Amino acid sequence: MQQSILLSGPKFQITIQRLCQQLIENHHHFENSVIIGIQPRGIYLAKRIKAELQRLLNIKSILSGELDITFYRDDFRRKENGPLVPNSTNINFVIENKKVILIDDVLWTGRTIRSALDAIQAFGRPQSVELLVLVDRRFSRHLPIEPNYIGIQVDSINSQRVIVNWQETENKDQIILLTEENQ
Amino acid sequence: MTETAQQLSTRHLLGIKDLSKADINLILETADTFKDVINRPIKKVPSLRDITIANVFFENSTRTRLSFELAEKRLSADVINFAASSSSVSKGETLIDTVNNILAMKVDMIVMRHPYPGAGVFLSKHVKAQIINAGDGAHEHPTQALLDAFSIREKFGEVAGKKIAIIGDILHSRVALSNILCLQKLGAEVMVCGPTTLIPKYIQSLGVKVEHNLIKALNWCDAANMLRIQLERQDINYFPSLREYSMLYGLNKTILDTLDKEITIMHPGPINRGVEITSDVADSKHSIILDQVENGVAIRMAVLYLLAGSRG
């Protein structure tokens, strides 16, 4: 595996800052907006964004939750060793008439987001749903899904993998691109 | 860390005997998530939307059949129900023929209850579908044992190290055998208690304690699982009268109050009020009988979901 770093250090933090500023432009003080991180890897970005927003706006009460989409996936029984084991969903409020901001780390085929749109319905009918991602793998969508807020855009081929590391879990904030050696 | 599998090691659920500790933990942890799902305003997920399940019941059932049916519907599976009493079985059709005819209609999974021990194992060797045993004679009732373990884990935080007494008609009970195997795999201590005639010979070889005195058993345990006297399976008299059984092994409030500690009361249902348990105990705060029923749906959702996902 050949590994190249797409984003790290101060640029990483500036990107998160910029995403927060863009959110504030559209959601002001988040009176009627909620942040939902998609399990398993989107929750770290959601936590970061929430903490940063609360610091910037000097408020403490941004509603946030974690959404697991395992039971809503469209590849159940179609993949060998497909993911079976669910993560927890923690949404202890109703999203009826709320503006929902879905957050995930990497947007690739769009299938996870489709499942999330399905899963979120179990908690009510939102006024609107927006999508924020840290990495948008361009030109690789299987479904007509586009993000509203993008950290960075990446051109990659299917055999490559894009991984986001977090201070909390891997001791370093960075986005890396993995390429098979024999490419 | 508890030992948890990423996938079940079996294709069918025929008995607890075939499951590993890691399998059981995977089922219990998946059921945690499903318990969450069934307590939401919208209690349904689309996981099994392309799967058809037949509930084939050759023996009467209320809880288990309704619980399976609800679990299937909340996973968005298509469900057909079959009760032997109103079917062509009474015209002389064999088990394999009956099931193969159901499978010819493109059914993926069979949930079966049958009066003969081993019926599920037999079927799994002769048909293609995945089989889930919903009780086979006096042999096993795996989903009941799993939901009992789930309820104990929910009540006490963990199963390991807990002392569970199973009291009543052990000889004719599939719940007892599945419970013993499941609780032991999870590290609990198990005692069986009942009249000598209703305790199978050599049951000690399973590593359980045997006690014939109700008070001693209750004083030993953290939770007591009260079983019904299965009169429909008893071809001879195992005790002089139900009244005498009730006097010696029936649990009432007076006995519960004389114990030096509080214990949790479980019952797999159906309850014969006034025989093995009185109403004031069954409806008391010590009883988790209705929690067991609620957990049953979550456990069955977990089992169906994991088996469907492991289809080879």
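**Figure 1. Contact between helices H2(B) and H11(B).** In this predicted model, B:Arg63, B:Ser67, B:Phe68, B:Leu70, B:Ala71, B:Glu72 and B:Arg74 of H2(B) meet B:Val293, B:Gly296, B:Val297, B:Arg300, B:Met301 and B:Leu304 of H11(B). Sorted by class, the residues of this contact are seven nonpolar, two polar and four charged. Helix H2 covers residues 63–74 of chain B, and helix H11 covers residues 289–309 of chain B. Their axes lie 8 Å apart. The packing angle is about 55 degrees. Angles from 65 to 115 degrees would count as roughly perpendicular, and those under 35 as roughly parallel. H2(B) and H11(B) are therefore oblique to each other. The crossing of the pair is right-handed.

**Figure 2. Contact between helices H5(B) and H6(B).** Helix H5 spans residues 142–156 of chain B, and helix H6 spans residues 174–185 of chain B. The two pack at an angle of about 50 degrees. Their axes are 8 Å apart. H5(B) and H6(B) are therefore oblique to each other. H5(B) crosses H6(B) in a right-handed sense. On the H5(B) side, the contact is formed by B:Pro142, B:Gln144, B:Ala145, B:Leu146, B:Asp148 and B:Ala149. On the H6(B) side stand B:Val175, B:Ser178, B:Asn179, B:Cys182 and B:Leu183. The class count for this contact is seven nonpolar, three polar and one charged.

**Figure 3. Where chain A touches chain B.** The contact involves 13 residues of chain A and 14 residues of chain B. The chain A side comprises seven nonpolar, four polar and two charged residues.

**Figure 4. The fold of chain A.** Chain A has four helices and eight strands. Along the sequence, they run in the order β-α-β-α-β-β-α-β-β-β-α-β. The radius of gyration of chain A is 16 Å, and the globule rule gives 16 Å for 183 residues, so chain A is as compact as a globular protein of that length. The C-alpha trace of chain A extends about 50 × 40 × 30 Å along its principal axes.

**Figure 5. Burial and contacts within chain A.** Of the 183 residues in chain A, 36% are buried. Among contacts in chain A with a separation of 6 or more, 68% join residues 24 or more positions apart.

Terms used:
Residues are numbered from 1 along each chain as its sequence is written. Chains are lettered from A and ligands numbered from 1 in the order in which they are written. This is a predicted model: local features need pLDDT of at least 70, side-chain atom pairs count only at pLDDT 80 or more; totals for chains, interfaces and linings use all residues. Two residues are in contact if their C-beta atoms, placed from the backbone, lie within 7 Å. Ala, Val, Leu, Ile, Met, Phe, Trp, Tyr, Cys and Pro count as nonpolar, Asp, Glu, Lys and Arg as charged, and the others, Gly among them, as polar. The radius of gyration is taken over C-alpha atoms; the globule rule is 2.2 Å times the number of residues to the power 0.38. A residue is buried if 20 or more other C-beta atoms lie within 10 Å of its own, exposed if 12 or fewer, and partly exposed in between; C-beta atoms are placed from the backbone. Axes are lines fitted to C-alpha atoms, for helices over the stretch in contact, and angles run from 0 to 180 degrees between N-to-C directions. Angles under 35 degrees count as roughly parallel, over 145 as roughly antiparallel, 65 to 115 as roughly perpendicular and the rest as oblique. A crossing is left-handed if the near helix is turned anticlockwise from the far one by less than a right angle, and right-handed if clockwise.
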